[in-house]
Amino acid sequence: MERLIRAAGGEVAFAVPSDAHANAHPSAAHPNPRRSDVEPPDEPRDQPRDEAGRRYPAHLDVRPVRTLKDWPGAWWAYSYTLPPELWPLPVPEWTYDLDRARRDEKRWRQRMLGRVSYRRDVGGAPETSRRFLAELSDGEIVGELRAHERSVDLLLGDDLGDRRELVLESVVVVPELRWLGIGRRLVELLVAEMTGTSIRTVHAIAEYSIVDFLLACGFELEAARPSALALRL
């Protein structure tokens with residue numbers, strides 16, 4: 001860079017942002033309209049660095065490692081669990097993807113997430129039903145939550161003042177946009193609507209990864225063990 005500037009007839013000077021060096025600034029002693037005074041920019045303090053203190057390459061999308069599955073090097077996280085003291089590799093604070101296709105997919109998912117809006121659908125649904133939608137700006141539905149009320153009086157065969165609860169039927173998100181928080185946002189809308197009403201409980205039955213999703217949304221496991229039944233003709 002210095003050779004290029006000097007070949008063009010310019011000069012390079014480095015200035016220290018301090019009053020003690022103000023009088024010693026080279027531009028004061030050698031005024032030159034073609035001169036280029038370059039000051040080092042302030043380095044952002046929150047710039048992520050690796051364990052050796054080096055900055056990550058600027059062309060990579062660096063992200064924090066919040067869970068083991070965020071880091072591609074944690075191969076054991078997909079097969080079995082280990083306590084931290086038995087991890088075969090140290091887990092970094094930051095990571096990134098070298099696969100360009102995977103990086104582009106994540107960027108696309110983030111762009112699509114910015115286009116998602118949420119609303120409650122009240123068209124044609126019974127008053128005892130709840131239906132919340134996540135949709136894109138063009139009206140395409142990418143997520144849906146369904147729930148319905150049930151009477152505790154009818155369930156227990158007793159008069160409890162028409163006490164009611166909600167039963168969560170489903171929370172679905174299109175595969176391309178899963179794990180971005182859309183399902184959690186739909187659950188939050190349901191909970192927000194319950195605030196200020198007499199309905200204080202939502203029941204749900206789930207399996208596999210949906211259990212972890214509902215636990216992350218604030219649901220708790222109950223002692224009752226329901227049985228899975230089916231009637232097939």
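Five strands form an open sheet in the order S5-S6-S7-S8-S9, with mixed pairing. Strands are DSSP runs of E, at least two residues long, and helices are runs of H or I, at least four, numbered from the N terminus. Two strands pair if DSSP finds at least two bridges between them. The model is predicted: local features need pLDDT of at least 70, side-chain atom pairs count only at pLDDT 80 or more, and totals for chains, interfaces and linings use all residues. Residues are numbered from 1 along each chain as its sequence is written, and side-chain values use heavy atoms, leaving out hydrogens and water.

**Sheet and helix**

- Strand S5 (117–120) and strand S9 (202–203) are the edge strands, and each pairs on one side only.
- Strand S6 (residues 129–135) and strand S7 (residues 141–151) run antiparallel, joined by 7 bridges.
- Phe132 has Leu145 in S7 as its bridge partner.
- Helix H5 (residues 182–194) packs on this sheet and touches S5, S6, S7, strand S8 (164–173) and S9. Contact means heavy atoms within 4.5 Å.
- The direction of H5 makes about 140 degrees with that of S6. Axes are lines fitted to C-alpha atoms, for helices over the stretch in contact, and angles run from 0 to 180 degrees between N-to-C directions.

**Aromatic pairs**

- The structure holds 3 aromatic pairs. Rings of Phe, Tyr and Trp (its six-membered ring) pair if their centres lie within 6.5 Å; planes under 30 degrees apart are stacked, over 60 edge-to-face, and the rest tilted.
- Trp75 and Trp76 pair edge-to-face, at 5.6 Å centre to centre and 85 degrees between the planes.
- Trp76 and Trp87 form a tilted pair, because their planes stand at 40 degrees, with centres 6.3 Å apart.
- Both Trp76 and Trp87 lie in the loop between strand S3 (63–64) and strand S4 (94–95), so their pair ties together parts that are 11 residues apart in sequence.
- Ring pairs link Trp75, Trp76 and Trp87 into a cluster.
- Trp76 is buried, at 0% relative accessible area. Trp75 is partly exposed at 49%, and Trp87 is partly exposed at 27%. Buried means under 20%, exposed over 50%, and partly exposed in between (1.4 Å probe, protein chains only).

**Charge over a ring**

- The charged end of Arg185 sits over the ring of Tyr118, 5.8 Å from its centre. The criterion is NZ of Lys or CZ of Arg within 6 Å of the ring centre and within 35 degrees of the ring normal.

**Thr95**

- Thr95 lies in strand S4 and is buried, with a relative accessible area of 5%.
- Beyond neighbours within four places in sequence, Thr95 contacts Asp61, Val62, Arg63, Val65, Asp70, Trp71 and Pro72.
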